[in-house]
Amino acid sequence: MTVSLASTFGSYLHGTPIVPPWEFAVNRQVYYGTLGELSMYSKVHGRNITIPFHLHGFATHVLLQTEIASITSRMGETGTLTVDLGGGDSSTYPYCTFEGFDQEENPWLDASGTNGWQVRGTLKFRQKGQ
């Protein structure tokens with residue numbers, strides 16, 4: 001199970017992509033003294049794609065922070081986003097730009113000693129309208 005855009009973001013746990021509808025501009029106008037409204041629609045512009053992402057298995061806090069910095073350094077990278085969900089399932093999204101990794105919590109150490117230092121967050125992408 002991997003997420004890749006030009007190259008992989010590592011073999012970490014991730015969820016399915018959250019893909020909203022395409023965004024497009026709408027202009028609605030109501031004129032005084034008339035019934036109804038005038039609506040003008042444009043072509044689609046783009047959409048934000050997010051993927052829940054769980055970095056785990058780091059022996060030290062410093063190693064985890066180094067990986068977060070490595071992922072963050074890829075901001076602005078463009079290409080086709082590919083999300084492998086395992087079992088032969090995958091999704092592709094062309095014309096995407098990586099917009100960063102948002103941490104959803106402070107990094108923490110798994111007390112069982114199994115998963116090491118870890119943090120959950122979200123990979124953020126912007127897909128250009130076609």
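This is a predicted model: local features need pLDDT of at least 70, side-chain atom pairs count only at pLDDT 80 or more; totals for chains, interfaces and linings use all residues.
A residue counts as buried when its relative accessible area is under 20%. For Phe53 the relative accessible area is 2%, so Phe53 falls under the 20% limit.

The two residues also form an aromatic pair. A pair of aromatic rings is described by the distance of the centres and the angle of the planes. For Tyr12 and Phe53 the centres are 5.9 Å apart and the planes make an angle of 80°. The arrangement is edge-to-face. Tyr12 sits in the loop between strand E2 (7-8) and strand E3 (13-14). Phe53 belongs to strand E5 (residues 38-58). The pair thus links distant parts of the chain, 41 residues apart.

Phe53 has another ring partner, Phe101. This pair is edge-to-face too, with 6.3 Å centre to centre and 75° between the planes. Phe101 lies in strand E7 (residues 89-103) and Phe53 in strand E5, so the pair ties together parts that are 48 residues apart in sequence. Phe101 has a relative accessibility of 9% and therefore counts as buried. Ring pairs join Tyr12, Phe53, Phe58 and Phe101 into a cluster. The structure holds 7 aromatic pairs.

Residues up to four places away in sequence are not counted here. Among the residues that Phe53 touches are Val3, Phe9, Leu13, His14, Ile71, Val119 and Leu123. His14 is also the bridge partner of Phe53 in E5. E3 and E5 pair in the antiparallel sense, over 2 bridges.

Ile71 is buried, with a relative accessible area of 3%. Neighbours within four places in sequence aside, Ile71 is in contact with Phe9, Phe53, Leu55, Phe98, Phe101 and Leu123. His45 lies elsewhere: the C-alpha atoms of Ile71 and His45 are separated by 26 Å. Along the chain these two residues are 26 residues apart.

The nonpolar core comes next. The largest nonpolar core has 21 residues. Those with the most contacts inside this core are Val3, Phe9, Phe53, Leu55, Leu81, Leu123 and Phe125. Several elements give two or more residues to the core: strand E1 (3-5), E5, helix H1 (61-72), strand E6 (78-86), E7 and strand E9 (117-128). E5 supplies the largest share, 5 residues.

E5 and E9 run antiparallel and are joined by 11 bridges. Strand E4 (residues 23-29) pairs with E5 in the antiparallel sense over 6 bridges. Here Val26 stands opposite Tyr41 in E5. E1 and E6 are antiparallel as well, with 3 bridges. In this pairing Ser4 stands opposite Thr82 in E6. E6 in turn is joined to E7 by 7 bridges, and these two strands run antiparallel. Cys96 in E7 is the bridge partner of Gly79. E6 and E7 form a hairpin with 2 residues between them. In the turn, Gly87 has a positive phi of about 65°.

Gln127 lies in strand E9. Gln127 is buried, with a relative accessible area of 1%. Its side chain makes a polar contact of 2.8 Å with the side chain of Arg47. A polar atom of the Gln127 side chain also lies 3.0 Å from the backbone oxygen of Pro94. Leaving aside neighbours within four places in sequence, the contacts of Gln127 include Trp22, His45, Ile49, Tyr93 and Cys96.

Arg47 has a ring partner of its own. The charged end of Arg47 sits over the ring of Trp22, 3.9 Å from the ring centre. Trp22 and Arg47 are both in contact with Gln127. Tyr95 is another residue in contact with Gln127. Lys128 lies over the face of Tyr95, at 5.5 Å from the ring centre.

How values were computed:
Residues are numbered from 1 along each chain as its sequence is written. Side-chain values use heavy atoms; hydrogens and water are left out. Rings of Phe, Tyr and Trp (its six-membered ring) pair if their centres lie within 6.5 Å; planes under 30 degrees apart count as stacked, over 60 as edge-to-face and the rest as tilted. Helices (H or I, at least four residues) and strands (E, at least two) are DSSP runs, numbered from the N terminus. Buried means under 20% relative accessible area, exposed over 50%, partly exposed in between (1.4 Å probe, protein chains only). A charge sits over a ring if NZ of Lys or CZ of Arg is within 6 Å of the ring centre and within 35 degrees of the ring normal. A nonpolar core is a set of buried Ala, Val, Leu, Ile, Met, Phe, Trp, Tyr and Cys residues joined through side-chain atoms within 4.5 Å. Contact means heavy atoms within 4.5 Å. A polar contact is a pair of N or O atoms within 3.5 Å; within protein, one must be able to donate a hydrogen and the other to accept it, and residues adjacent in sequence count only if both atoms are side-chain atoms. Two strands pair if DSSP finds at least two bridges between them.
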